[in-house]
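Please view the sequence and the model together before turning to the points below.

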Amino acid sequence: IGVVLTALSYAVAYLMQWDVTFNWLDALAVGTSYSCTWLCVVQSRLNYVMGVISVALYSLLFWQAGFTALAAFNLYIV
């Protein structure tokens with residue numbers, strides 16, 4: 001459901017002609033976050049690994065966007 005809703009949000013932004021560029025880092029961070037949630041639901045310990053990867057990717061994404069305090073806080077959580 002999450003993947004479909006994310007794709008729909010990009011489609012709406014494209015149709016509304018908003019200035020949205022596709023960012024592979026953002027897509028990878030969202031994908032690892034979704035997979036972490038799924039692994040948690042099926043009670044797999046791999047969710048910890050995916051969670052760390054997801055937080056690291058989001059930290060890098062926030063750092064690139066200029067949100068250095070938020071990036072540092074995310075790395076502190078890990």
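What is the accessible surface of the chain, and what percentage of it belongs to carbon and sulfur atoms? The accessible surface comes to about 6100 Å², and carbon and sulfur atoms hold 72% of it; accessible areas come from the Shrake-Rupley method with a 1.4 Å probe, and for residues only the protein chains shown count as cover. This is a predicted model, in which local features need pLDDT of at least 70 and side-chain atom pairs count only at pLDDT 80 or more, while totals for chains, interfaces and linings use all residues. Residues are numbered from 1 along each chain as its sequence is written, and side-chain values use heavy atoms, with hydrogens and water left out.

**Overall architecture**

- The chain has four helices and zero strands, where helices (H or I, at least four residues) and strands (E, at least two) are DSSP runs numbered from the N terminus.
- Along the sequence, the pattern reads α-α-α-α.
- Taken along the principal axes, the C-alpha atoms fill a box of roughly 40 × 30 × 15 Å.
- Of the 78 residues in the chain, 19% are buried (buried means under 20% relative accessible area, exposed over 50%, partly exposed in between, with a 1.4 Å probe and protein chains only).
- Among contacts (heavy atoms within 4.5 Å) with a separation of 6 or more, 41% join residues 24 or more positions apart.

**Helix α1 and its end**

- Helix α1 covers residues 2-15, and its end C-alpha atoms are 20 Å apart, which agrees with the 20 Å that its 14 residues should span; the expected span is 1.5 Å times one less than the number of residues.

- Ser33 belongs to helix α2 (residues 24-41) and counts as partly exposed because its relative accessibility is 25%.
- Leaving aside neighbours within four places in sequence, Ser33 is in contact with Ser54 and Tyr58.
- The C-alpha atoms of Ser33 and Thr6 are separated by 12 Å, with the two residues 27 apart along the chain.
- Asn47 lies in helix α3 (residues 46-65) and counts as buried because its relative accessibility is 11%.
- Not counting residues up to four places away in sequence, Asn47 touches Cys36, Leu39 and Cys40.

**Helix α4**

- Phe73 has its place in helix α4 (residues 68-77) and is partly exposed, with a relative accessible area of 47%.
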